[in-house]
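Reader: I'm new to this one. Could you walk me through how to read its aromatic rings and its pocket?

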Amino acid sequence: MDKSRLIEATTEKAASEESGRPLRTEDVERVVDALFGTVERPGTIAEALAGGESVVLGSFGGFDHADGSAAFRPGQALTEYLRGTSG
């Protein structure tokens with residue numbers, strides 16, 4: 001899944017949520033760019049890692065910075081979902 005499809009799928013998912021309100025594709029793209037960054041500027045995850053912080057996204061997982069590179073560690077909920085053991 002490339003960035004365009006990720007944004008499209010996220011926009012569709014947000015629109016299908018019962019309690020949510022539809023989001024514009026442009027708004028989802030701005031959030032993705034702010035979170036993950038672009039070629040022109042780093043996102044909030046990169047800035048946090050560069051500042052020595054870890055980024056934890058609940059049971060989805062987290063990002064750590066060590067030895068000049070970033071590492072993603074999947075959380076329990078993501079791992080169980082991918083293994084097919086979660087409801």
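Author: Keep in mind that this model is predicted. Start with the rings: Phe60, Phe63 and Phe72 form one aromatic cluster.

Reader: How many aromatic pairs does the structure hold?

Author: Two. As a general idea, you describe a pair of aromatic rings by the distance of the centres and the angle of the planes. Take Phe60 and Phe72: their centres sit 5.6 Å apart with 50° between the planes, a tilted pair. This pair links distant parts of the chain, 12 residues apart. Phe60 is in the loop between strand E1 (55-56) and strand E2 (61-66), while Phe72 belongs to strand E3 (residues 69-74).

Reader: Is Phe63 buried or exposed?

Author: Phe63 has 17% relative accessibility, so it counts as buried, the cut-off being under 20%. Phe60 is partly exposed at 43%, and Phe72 is partly exposed too, at 35%.

Reader: Now the pocket. Which residues line the largest pocket?

Author: The lining includes Phe60, Phe63 and Phe72, along with Leu6, Thr10, Leu35, Phe36, Ile45 and Leu57. Helix H1 (3-16) and helix H2 (25-36) are the elements that give two or more residues to this lining.

Reader: How much space lies in the largest pocket, and what classes of residue make up its lining?

Author: About 210 Å³. By class, the lining has eight nonpolar residues, one polar and no charged ones.

Definitions and conventions
Residues numbered from 1 in each chain as written. Predicted model: local features only at pLDDT ≥ 70, side-chain atom pairs only at ≥ 80, totals over all residues. Heavy atoms only, no water. Phe/Tyr/Trp six-rings, centres within 6.5 Å; stacked < 30°, edge-to-face > 60°. Helix = DSSP H or I, 4+ residues; strand = E, 2+ residues; numbered from the N terminus. Buried < 20%, exposed > 50% of the residue type's maximum accessible area, 1.4 Å probe, protein only. 1 Å grid on protein atoms, 1.4 Å probe; cavity = no way out; pocket = protein on both sides within 12 Å on 5 of 7 lines; lining within 4 Å. Points joined across faces, edges and corners; volume = space filled by probe spheres on them. Nonpolar A, V, L, I, M, F, W, Y, C, P; charged D, E, K, R; others polar.
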